[in-house]
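The exercises below ask the student to read features from a protein model. Each task is followed by a solution in steps.

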Amino acid sequence: MTTLGYRLGLPAWGFPGWRDRYFYDSPSRLASYASVFNAVEGNTTFYGIPDPKSVARWRDALAGTAFRLCLKLPREVTHDARADLAVLHQFLNTIEPLRANIGPLLVQFPAEIGPAEIARIDATLAAIDDRHNVVVEVRHPAFFSAPELLTPTLEHYQAGRVVLDARALHLGDRDHPEVLAALHKKPDLPVLTETVSEIAFIRLVLHPDGYSNDPYMDEWADRAATWLQQDYAVWVFIHCPNNLHCPAFARDFHQRLLSRHSGAGQLPAWPVPEQIGLL
């Protein structure tokens, strides 16, 4: 199992292009992924509450590990015109068997949810209460021009603020075929680097052309090294329009961080021999 001194992961654990290149299907894709990385974003829960059989399989795959799932709240809670707190309670009850392996829940609000809806954000976090830690991602421009509008709510619930950094995607080659379809999904938001509740939760969206990513990889490796020295909880998730590139980009980021902070730990080898030259 991985012995990292921080949390590093990808947007998923079961991308088809990774099969027999980075991870095996046996004993399960999740178990194979968890033998390298120690965290993952669970974005599928945004689209639907998992069935109990799936939850049981995930629990068994992670039994006895320190792996963490950062599951995204269902869209009925965060994106519908009214927050469906009944769906939230159903979601929390469904994932209860995974409690030992649940990291901070990812509470992502769309750009339509701004300062006027602070009460909605508060009610959502209050409904989770102390059952789980949470990190909050907002996309309304006012929360970036005046971040102090959100900070008291986050501090009250000891929640972190998610940093979505898509600069590499938007400032790189925008005509790249893999980028064109992704630009509207990954907004070009200001990058706030101030942490809340001593939690640094970074979603780093990289460009498929690896050379475009160097300055952003180095910038976040510098910041992560500083946060680790301050004993902050550091979470880094590597995204790309084509998930095929994510494992290699994540290993690249880790090597940069390791050169700056020896306590970053060792990232294990892939469970299967990497096929050199296919990236």
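The model is a predicted one, in which local features need pLDDT of at least 70 and side-chain atom pairs count only at pLDDT 80 or more, while totals for chains, interfaces and linings use all residues. Residues are numbered from 1 along each chain as its sequence is written, and side-chain values use heavy atoms, with hydrogens and water left out.

**Exercise 1. Helix 10**

Solution. 
Step 1. Helices (H or I, at least four residues) and strands (E, at least two) are DSSP runs, numbered from the N terminus. The expected span of a helix is 1.5 Å times one less than its number of residues.
Step 2. A residue is buried under 20% relative accessible area, exposed over 50%, and partly exposed in between (1.4 Å probe, protein chains only). The buried residues of helix 10 are Tyr 216, Met 217, Trp 220, Ala 221, Ala 224, Ala 225, Trp 227 and Leu 228.
Step 3. Contact means heavy atoms within 4.5 Å. The elements against which the buried residues of helix 10 pack include strand 7 (199-205), strand 8 (233-239) and helix 11 (246-258).

**Exercise 2. Helix 11**

Task: Carry out the span check for helix 11 and list what covers its buried residues.

Solution. 
Step 1. The 13 residues of helix 11 should span 18 Å at 1.5 Å a residue, and its end C-alpha atoms are 18 Å apart, which agrees.
Step 2. Among the buried residues of helix 11 are Cys 246, Phe 249, Phe 253, His 254 and Leu 257.
Step 3. The cover of these buried residues includes strand 1 (7-10), helix 10 and strand 8.

**Exercise 3. Backbone features in loops**

Task: Locate Pro 27, Gln 158 and Asp 231, and describe the backbone there.

Solution. 
Step 1. Pro 27 lies in the loop between strand 1 and helix 1 (29-34). The peptide bond from Ser 26 to Pro 27 is cis, with omega near 0 degrees.
Step 2. Gln 158 belongs to the loop between helix 7 (151-156) and strand 6. Its phi is positive, near 55 degrees, although the residue is not glycine. Gln 158 counts as exposed because its relative accessibility is 60%.
Step 3. Asp 231 sits in the loop between helix 10 and strand 8. The phi of Asp 231 is also positive, near 65 degrees. With a relative accessible area of 67%, Asp 231 is exposed.

**Exercise 4. The largest cavity**

Task: State the volume of the largest cavity and classify its lining.

Solution. 
Step 1. On a 1 Å grid over the protein atoms alone, a cavity is a set of points where a 1.4 Å probe fits but cannot get out, and lining residues have an atom within 4 Å of a point. Grid points are joined across faces, edges and corners, and a volume is the space filled by probe spheres set on the points.
Step 2. The structure holds 3 cavities of 30 Å³ or more, and the largest cavity contains about 60 Å³ of space.
Step 3. Strand 6 supplies the largest share of this lining, 4 residues.
Step 4. Ala, Val, Leu, Ile, Met, Phe, Trp, Tyr, Cys and Pro count as nonpolar, Asp, Glu, Lys and Arg as charged, and the others, Gly among them, as polar. The lining accordingly has 8 nonpolar, no polar and 2 charged residues.

How values were computed:
1 Å grid on protein atoms, 1.4 Å probe; cavity = no way out; pocket = protein on both sides within 12 Å on 5 of 7 lines; lining within 4 Å.
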